[in-house]
Amino acid sequence: MRALTGILAAGVLAALAGCGEKPATKTEAGGEAKPAASAPSQLTAAGWPKRKPGLWTQTVEIKDRDFSPSFRFCIDAATDAKLGLDSQGMDTRCAKGQMTRTADGGWTVTSACDMGPAGKTQSTVRVSGDFNSRYLMELDNVTTGATQAAMNGQHKMTIAAEWSGACPAGWAGGDVEMPGGRRMNLLTKAVAGG
């Protein structure tokens with residue numbers, strides 16, 4: 001269960017780092033540029049930041065559980081392009097999400113999916129940070145109608161990530177190292193170590 005949760009957390013991180021252009025800014029009194037807030041829009045790659053290439057250390061906290069593992073995740077341009085937020089649109093089980101750029105420079109993303117026996121989900125993700133040195137994601141998911149009772153209800157997760165430098169020698173974009181040293185590539189599904 002813990003290994004599966006780790007993979008899911010890494011996958012969520014990968015899925016929430018899409019490619020795109022920098023969002024528009026507006027100048028406040030005093031000359032300081034701040035990100036412009038926007039109305040909800042269809043989820044697209046435009047406006048979503050790229051993560052800085054390299055090794056990211058990510059700590060996952062699952063609310064109401066004594067479980068807070070850290071993972072190392074190697075990011076490159078291909079990883080962000082293939083596992084970006086915009087890839088959710090390819091899943092026919094999910095309605096198009098809404099992305100809102102907030103006045104404080106973050107994002108709020110909402111989506112709804114019908115996962116069949118795994119139930120219907122309503123998800124809200126709040127993201128903040130500069131994506132060069134750190135970012136924070138707060139995920140709030142409500143599942144109903146799942147055949148396994150434990151999957152139903154509200155589930156909350158927080159993921160804090162910090163840039164740790166270049167990816168180690170022998171690592172490829174998409175490699176995730178879980179607690180215990182086992183490494184899996186989210187793009188190729190190849191597994192090594194541990």
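**Hairpin β6/β7**

I began with the hairpin that β6 and β7 form, which has five residues between the strands. In the turn, I noted a positive phi of about 95° for Gly-105. The model is a predicted one, and I read each entry below with that in mind. Strands β6 (residues 98-101) and β7 (residues 107-114) run antiparallel and are joined by four bridges.

I then sorted the β6 side chains by face. In a regular strand, side chains alternate between the two faces of the sheet. On β6, Met-99 and Arg-101 make up the covered face, while Gln-98 and Thr-100 make up the uncovered one. Arg-101 also lies over the face of Trp-107, at 4.1 Å from the ring centre.

**Aromatic rings**

My search of the whole structure gave three aromatic pairs. Trp-56 sits in strand β4 (residues 54-62) and Tyr-135 in strand β9 (residues 134-144), so the pair ties together parts 79 residues apart in sequence. Phe-131 and Tyr-135 form a stacked pair, at 4.9 Å centre to centre and 10° between the planes.

I checked burial next. Phe-131 has 1% relative accessibility and is buried; Tyr-135, at 2%, is buried as well. Trp-56 is also buried. Ring pairs link Trp-56, Trp-107, Phe-131 and Tyr-135 into a cluster.

I logged another charge over a ring: Lys-52 lies over the face of Trp-163, at 3.8 Å from the ring centre.

**Disulfide**

I found one disulfide in the structure. It joins Cys-74 to Cys-167, with an S to S distance of 2.1 Å. The torsion about the S-S bond is about 105°, so I recorded the disulfide as right-handed. Cys-74 is in strand β5 (residues 70-75) and Cys-167 is in the loop between β10 (153-165) and β11 (175-177), so the pair ties together parts 93 residues apart in sequence. I have Cys-74 as buried, at 4% relative accessible area, and Cys-167 as partly exposed, at 23%.

**Ala-166**

I looked at Ala-166 in the loop between β10 and β11. Ala-166 is exposed, with a relative accessible area of 64%. Leaving out residues up to four places away in sequence, I found that Ala-166 touches Gly-54 and Leu-55. The C-alpha atoms of Ala-166 and Leu-55 are separated by 5.5 Å, although the two residues are 111 apart along the chain.

Conventions
Residues are numbered from 1 along each chain as its sequence is written. This is a predicted model: local features need pLDDT of at least 70, side-chain atom pairs count only at pLDDT 80 or more; totals for chains, interfaces and linings use all residues. Side-chain values use heavy atoms; hydrogens and water are left out. A disulfide is a pair of cysteine sulfur atoms within 2.5 Å. Helices (H or I, at least four residues) and strands (E, at least two) are DSSP runs, numbered from the N terminus. Buried means under 20% relative accessible area, exposed over 50%, partly exposed in between (1.4 Å probe, protein chains only). Two strands pair if DSSP finds at least two bridges between them. Contact means heavy atoms within 4.5 Å. Rings of Phe, Tyr and Trp (its six-membered ring) pair if their centres lie within 6.5 Å; planes under 30 degrees apart count as stacked, over 60 as edge-to-face and the rest as tilted. A charge sits over a ring if NZ of Lys or CZ of Arg is within 6 Å of the ring centre and within 35 degrees of the ring normal.
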